[in-house]
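Please keep the sequence and the model in view while reading.

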Amino acid sequence: MRILFIILIAMMICGCADEEVAQEKIAYVKTQRADENINSDENIYSGVVKGRYETNLAFQVGGQILSRNVDVGNFVKAGDILMTINPRDVIQQTNQSEAQVSSAKAQLDLAASNLNRYRELFKEGAIAASVLDQYQTSYDSALAAYENSIAVAAQSQNTLGYTNLTADFDGVISAVYVESGQIISAGQTAATLIQIDELEVAADIPENKISEIEINQPVKIKFWANDENVEGFIREIAPIADSSSRTFAIKISIPNVPEKIQLGMTASVFILSKSKENSLKKLPLSAIYQTGEETKIWIVEDGKVHLKKIDVKNYDGNEILVSGLNSNDVVVTAGVHKLREGQQVKIDETN
């Protein structure tokens, strides 16, 4: 019995030891996804939401503003009357032009009557051909004057319609520059209308980075107000830098604009450089596992660690830029010399 008891005790001790060994094989590790620090913040720019089509509205005639029907921020539809100019002077000009038409018509009728009468006299040989030519010239001049007066009258009639400033399309009023009672000249900007069905983001790019972007290059946009993330592409790049900031203005189209996005919102624009350096990932120096002449890192896959070869491109203090990683690789960043190939690990969520 004593021997059997000793054997049972020994088996229990061995079982506990095996359990402890099994537990020791699972290690807690601190990790970082490879795409958490792509390059640096140098490729992140501040942008603002704007309408792709912004129109400065102006009257085609001058005069005193009789009424202003909109304020900044108002939504309007195509054809809505935004402002009106006192039409008194335009109506007077229209009446004057119509009177000129009547006068020119009377002169034309008289010239036509004289021409017909002298044609009959010429057939009878009562007058010379030179006299008939004079009356033909008078008729032609009267006809030209009549046609000109009709054109002037039509222009005056059109001008009467110009006393109303209307919206060319559905949109929002972003600026108003005049007030009721103010006298403005033809062509003076009265308001700015933005078409809201197509929004874009405007950003400024430093001159040392402008060579790294191109038309139709995809970008990522994150809006500060509601944390929305969307895809876009560069639609336009200014050919000349701003004289004061020395930056180049770019415009980014947004094919699918979220409903919550509004004009004037601020956004972060993430532009991936065209250069080769964009394939580099930034890791802490503690993630490196050196084996001979090869530089490797531990990555976690299905709860186990595996070595992966990388190339170190640059050192920056306690960080390094490396190539050879995929964006979704989970990299061990601490305790790398205590791990072994295929070892089971758990990710420390507190890191």
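In strand S15, Ser253 is the bridge partner of Phe233. This pairing belongs to a predicted model. Strand S14, residues 229-237, and strand S15, residues 247-253, run antiparallel and are joined by four bridges. Both strands take part in a closed barrel of six strands, in the order S3-S12-S15-S14-S13-S16 with antiparallel pairing. From one strand to the next, the twist averages 40 degrees.

Strand S12 covers residues 199-206; six of its eight residues are buried, so the strand is largely enclosed by the rest of the structure. With strand S3, residues 44-51, S12 pairs in the antiparallel sense over five bridges. Within that pairing, Lys50 stands opposite Glu200 of S12. The pairing of S12 with S15 is also antiparallel and comprises seven bridges. Here Pro206 stands opposite Thr247 of S15.

**The open sheet**

A further group of four strands forms an open sheet in the order S4-S11-S9-S6, and its pairing is antiparallel. Its edge strands are S4 and S6 (75-76), each of which pairs on one side only. Strand S11, residues 189-194, is mostly covered, since five of its six residues are buried. Strand S4 comprises residues 54-58, and strand S9 comprises residues 171-176.

| Strand pair | Bridges | Opposite residues |
|---|---|---|
| S4 and S11 | five bridges | Leu57 and Ala191 |
| S9 and S11 | four bridges | Ile173 and Leu193 |
| S6 and S9 | two bridges | Phe75 and Val172 |

In a regular strand, side chains alternate between the two faces of the sheet.

**The helix pair**

How do the axes of helix H2 and helix H3 cross? Helix H2 spans residues 88-123 and helix H3 spans residues 129-161; their axes come within 8 Å and cross at roughly 160 degrees. Because an angle over 145 degrees counts as roughly antiparallel, H2 is roughly antiparallel to H3. The crossing in which H2 passes H3 is left-handed. Sorted by class, the residues of this contact are 23 nonpolar, twelve polar and three charged.

Two aromatic pairs are present in the structure. In one of them, the ring centres of Tyr118 and Tyr135 are 3.9 Å apart and the ring planes stand at 15 degrees, so the pair is stacked. Tyr118 belongs to helix H2 and Tyr135 to helix H3, so this pair ties together parts that are 17 residues apart in sequence. Are the two tyrosines buried or exposed? Tyr118 counts as buried, at 18% relative accessibility, whereas Tyr135 has a relative accessible area of 23% and is partly exposed. The cut-off that decides this is 20%, because buried means under 20% relative accessible area.

Another residue of helix H2 is Ala111. With a relative accessible area of 10%, Ala111 is buried.

Most residues other than glycine have a negative phi. Which phi value does Asn216 have? The phi of Asn216 is near 70 degrees, a positive value in a residue other than glycine. Asn216 lies in the loop between S12 and strand S13 (218-223). At 54% relative accessibility, Asn216 counts as exposed.

Arg246 also has a positive phi, near 60 degrees, and is likewise a residue other than glycine. Its place is the loop between S14 and S15. The relative accessible area of Arg246 is 41%, and this residue is partly exposed.

**Summary**

The strands described here form a closed barrel of six strands and an open sheet of four strands. Helices H2 and H3 cross at roughly 160 degrees, and the stacked pair of Tyr118 and Tyr135 links the two helices. The loops on either side of this account contribute Asn216, between S12 and S13, and Arg246, between S14 and S15.

Technical notes: Residues are numbered from 1 along each chain as its sequence is written. This is a predicted model: local features need pLDDT of at least 70, side-chain atom pairs count only at pLDDT 80 or more; totals for chains, interfaces and linings use all residues. Side-chain values use heavy atoms; hydrogens and water are left out. Two strands pair if DSSP finds at least two bridges between them. Axes are lines fitted to C-alpha atoms, for helices over the stretch in contact, and angles run from 0 to 180 degrees between N-to-C directions. Angles under 35 degrees count as roughly parallel, over 145 as roughly antiparallel, 65 to 115 as roughly perpendicular and the rest as oblique. A crossing is left-handed if the near helix is turned anticlockwise from the far one by less than a right angle, and right-handed if clockwise. Ala, Val, Leu, Ile, Met, Phe, Trp, Tyr, Cys and Pro count as nonpolar, Asp, Glu, Lys and Arg as charged, and the others, Gly among them, as polar. Rings of Phe, Tyr and Trp (its six-membered ring) pair if their centres lie within 6.5 Å; planes under 30 degrees apart count as stacked, over 60 as edge-to-face and the rest as tilted. Buried means under 20% relative accessible area, exposed over 50%, partly exposed in between (1.4 Å probe, protein chains only).
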